[in-house]
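Me: Could you walk me through how some parts of this chain are held against one another? Here is the model I have in mind.

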Amino acid sequence: MTVGLRNSAIRWSTIVAMTALATAVAVPPVTAAPAIPKEVDPVPMVTIPAGEFLMGNPEGKGRTDEWPQRSVYLDEFAIDQVEVTNERYLAFVKTTGHRSPPNPYGTTPLTSTKGIEQLPVVQTTWYDAKAYCGWAKKRLPTEAEWEKAARGTDGRLFPWGNEPATSKRANFDREWEEENTLHPVGSLPDGDSPYGVKDLSGNAREWVQDWYDADYYQLAPDRNPQGPEKRGVVRSIRGGSWHSPMSDITTTARGRGGFALQTHGTGFRCARSLADQAQQK
């Protein structure tokens, strides 16, 4: 090999080595993806896509507090597929020391009653529901979110469509029969909403986030309504219960109750906005 070729080869080897070194320095080390925190409330949540839906009823249909019907846009959110059960609520009580609700099935503590684990928890106040959802890093759904999850975008009267309610679709219009009154959550799939959310008609009424105002729909914004800004004395309740007539378990029927209201027919489920859900990952 001539001197010129030898020097050229040396220079080329040096360049290759330096390039390899620079490349090695430039590539960042591989790091593990951040761990997803474990949910303290292990229940499936259903994602409701962003978009418009028909909220309320046209004048002359339903009750006056459901008027007028309007197109409302909601951002994407997630909602519990089923109502909060006794089992889940008592886990919250045990973890936090929050007070246990009264036992609707007898005089003993709720924790001592067997066979009710998968029944929806009832006898909860609005504050109880709010506290549970906060513990689970969620919140109560707004009235608008609840209604969209129940009826979808086609303005249907019931979660399953416009056909009348039956005992295979909803638990309603009944008398109290102790542990046999409420149904285990998710046990009536014929009553599912278009998104697959369960038990939105009957079984247990559900607290929502909003203050109740009979005239709110007339002035409410058409994008992500959060309920009246002024403080009232009652909160909204949706969905009807095991005791409600058919007219009270429609997707549009609005109920109300004071903060301290506790009944055998009132429970709740939780929701989470898309931004909040992203923070959990």
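**Salt bridges and a helix pair**

Reply: Happy to. In this predicted model, the side chains of arginine 63 and aspartate 248 meet in a salt bridge, with N to O at 2.3 Å.

Me: How many residues apart in sequence are the parts that arginine 63 and aspartate 248 tie together?

Reply: Arginine 63 sits in the loop between β2 (51–55) and β3 (70–74). Aspartate 248 belongs to the loop between β6 (234–238) and β7 (254–258), so the pair ties together parts whose separation in sequence is 185 residues.

Me: Is arginine 63 exposed, partly exposed or buried?

Reply: Buried would need under 20% relative accessible area, and exposed over 50%. Arginine 63 has 35% relative accessibility, so the class for arginine 63 is partly exposed.

Me: Which residue forms a salt bridge with aspartate 41?

Reply: Look in the loop between α3 and α4 (143–151), while aspartate 41 itself is in the loop between α1 (3–26) and β1 (45–48), 97 residues apart from its partner. The closest N and O atoms are 3.1 Å apart, and the partner of aspartate 41 is lysine 138.

Me: Lysine 230 forms a salt bridge with aspartate 213. Which of them is buried, and which is exposed?

Reply: The closest N and O atoms of this pair are 3.9 Å apart. Lysine 230 lies in the loop between α5 (216–219) and β6, and aspartate 213 in the loop between β5 (205–211) and α5. With 58% relative accessibility, lysine 230 counts as exposed. Aspartate 213 has a relative accessible area of 18%, so aspartate 213 is buried.

Me: How is helix α2 oriented relative to helix α3?

Reply: The axes of α2 (residues 86–96) and α3 (residues 126–135) come within 11 Å and cross at roughly 80°. An angle of 65 to 115 degrees counts as roughly perpendicular. That makes the orientation of α2 to α3 roughly perpendicular.

Me: And how many residues of the contact of α2 with α3 are nonpolar?

Reply: From α2 come Arg88, Tyr89, Phe92, Thr95 and Thr96, and from α3 come Asp128, Ala131, Tyr132 and Trp135. Two of these residues are polar and two are charged, while the number of nonpolar ones is five.

Key: Residues are numbered from 1 along each chain as its sequence is written. This is a predicted model: local features need pLDDT of at least 70, side-chain atom pairs count only at pLDDT 80 or more; totals for chains, interfaces and linings use all residues. Side-chain values use heavy atoms; hydrogens and water are left out. Axes are lines fitted to C-alpha atoms, for helices over the stretch in contact, and angles run from 0 to 180 degrees between N-to-C directions. Helices (H or I, at least four residues) and strands (E, at least two) are DSSP runs, numbered from the N terminus. Angles under 35 degrees count as roughly parallel, over 145 as roughly antiparallel, 65 to 115 as roughly perpendicular and the rest as oblique. Contact means heavy atoms within 4.5 Å. Ala, Val, Leu, Ile, Met, Phe, Trp, Tyr, Cys and Pro count as nonpolar, Asp, Glu, Lys and Arg as charged, and the others, Gly among them, as polar. A salt bridge is a side-chain nitrogen of Lys or Arg within 4 Å of a carboxyl oxygen of Asp or Glu. Buried means under 20% relative accessible area, exposed over 50%, partly exposed in between (1.4 Å probe, protein chains only).
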